[in-house]
Amino acid sequence: MTLGILGSGSGSNMQAILDAIASGTLDARVALVLSDNPDAYILERARSHGIESGVIDCHGFRTKFPGDAQRETANRLKAAGVELVCLAGFMRMVKRPLLEAFPGRIINIHPALLPAFPGLEAWKQALDAGVPETGATVHYVDEGMDTGPVILQETVPVLHGDTTETLHARIQKVEHRIYPAAIRLIAARSAVR
Ligand code: GRF
């Protein structure tokens, strides 16, 4: 399965996907990495792995993903032969132009047990709510905010004395396991079709 990855930050989830591929536990290839943030470390990681990468120009908009930028992103992903688009810490909401180019083929990792705590800083939302456990979810992307069908999720305990940092770190450990696992599941489902 040929993957394209969109990220805005550190790219530790992409690294987990690359590690799973390198260790032979995930039969896939990352063909293209795109970021809306030219300084994102995910681009550095892509370059150091010899993976084609590029910057998405969002014309200075802070959170909006303009339609022409989405069309350009879709074109670049298609040109690279991408079959599955993985959002990995991508901080803009994907809308119709990109969703229609990859119907049912865009997935995201979210740091909570959806449908609980959608949106930003989900680990902080969980801490503030005082829940005993939260988690991580891989889901298909639709037009809503973290609302698409769940592919895989796993719980993470909230421990006494947790800070936003310790809780997020515990959630990320789980993310790094379930993201490659979810891609494996999708690949297996595609193979039997
Ligand atoms: C992850 O916690 C993910 O759930 C959220 O953004 C973070 C990205 O981290 N959507 P990284 O860039 O993969 O390290």
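The accessible surface of the protein amounts to about 9300 Å², and carbon and sulfur atoms account for 54% of it. The model is a predicted one. It contains six helices and seven strands, arranged along the sequence in the pattern β-α-β-α-β-α-β-α-β-α-β-β-α. The radius of gyration is 16 Å, close to the 16 Å given by the globule rule for 193 residues, so the protein is as compact as a globular protein of that length.

**Overall dimensions and packing**

- The C-alpha trace spans about 50 × 40 × 35 Å along its principal axes.
- Of the 193 residues in the protein, 48% are buried.
- Contacts between residues at least 6 apart in sequence include 64% that join residues at least 24 apart.

**The sheet**

- The seven strands form an open sheet with mixed pairing, in the order β3-β2-β1-β4-β5-β6-β7.
- Strands β3 (53–55) and β7 (150–157) stand at the edges; each has a single partner strand, so one side of each is left without a neighbour in the sheet.
- From one strand to the next, the twist averages 20 degrees.
- Strands of a sheet pair through backbone hydrogen bonds, in either the parallel or the antiparallel sense.
- Parallel pairing joins β1 (residues 2–6) to β2 over five bridges, and G4 stands opposite L32 of β2.
- Parallel pairing also joins β4 (residues 84–87) to β5, over three bridges; here L87 has N108 of β5 as its bridge partner.
- Antiparallel pairing joins β6 (residues 133–140) to β7 over seven bridges, with V138 partnered by L152 of β7.

**Enclosed strands**

- In strand β2 (residues 29–35), six of the seven residues are buried, so this strand is largely enclosed by the rest of the structure.
- In strand β5, five of the five residues are buried, so β5 is likewise largely enclosed by the rest of the structure.
- The side chains of β5 divide between two directions: I106, N108 and H110 point one way, I107 and I109 point the other way, and all are buried.

**N108, a buried polar residue in β5**

- N108 lies in strand β5 (residues 106–110).
- Its relative accessibility is 9%; N108 counts as buried because this value is under the 20% cut-off.
- The N108 side chain makes a polar contact with the side chain of D146, at 3.5 Å.
- Beyond its neighbours within four places in sequence, N108 is in contact with L87, T137, V138, H139, V141, D146 and Y179.

**Helix α1**

- Eight of the 11 residues of helix α1 (residues 12–22) are buried, so the helix is largely enclosed by the rest of the structure.
- The buried positions in α1 are S12, N13, M14, Q15, A16, I17, L18 and A20.
- An α-helix has 3.6 residues a turn, so residues three or four places apart point the same way.
- After α1 comes G24, which has a positive phi near 85 degrees.

Note on methods. Residues are numbered from 1 along each chain as its sequence is written. This is a predicted model: local features need pLDDT of at least 70, side-chain atom pairs count only at pLDDT 80 or more; totals for chains, interfaces and linings use all residues. Side-chain values use heavy atoms; hydrogens and water are left out. Two strands pair if DSSP finds at least two bridges between them. Helices (H or I, at least four residues) and strands (E, at least two) are DSSP runs, numbered from the N terminus. Axes are lines fitted to C-alpha atoms, for helices over the stretch in contact, and angles run from 0 to 180 degrees between N-to-C directions. Buried means under 20% relative accessible area, exposed over 50%, partly exposed in between (1.4 Å probe, protein chains only). A polar contact is a pair of N or O atoms within 3.5 Å; within protein, one must be able to donate a hydrogen and the other to accept it, and residues adjacent in sequence count only if both atoms are side-chain atoms. Contact means heavy atoms within 4.5 Å. The radius of gyration is taken over C-alpha atoms; the globule rule is 2.2 Å times the number of residues to the power 0.38. Accessible areas come from the Shrake-Rupley method with a 1.4 Å probe; for residues, only the protein chains shown count as cover.
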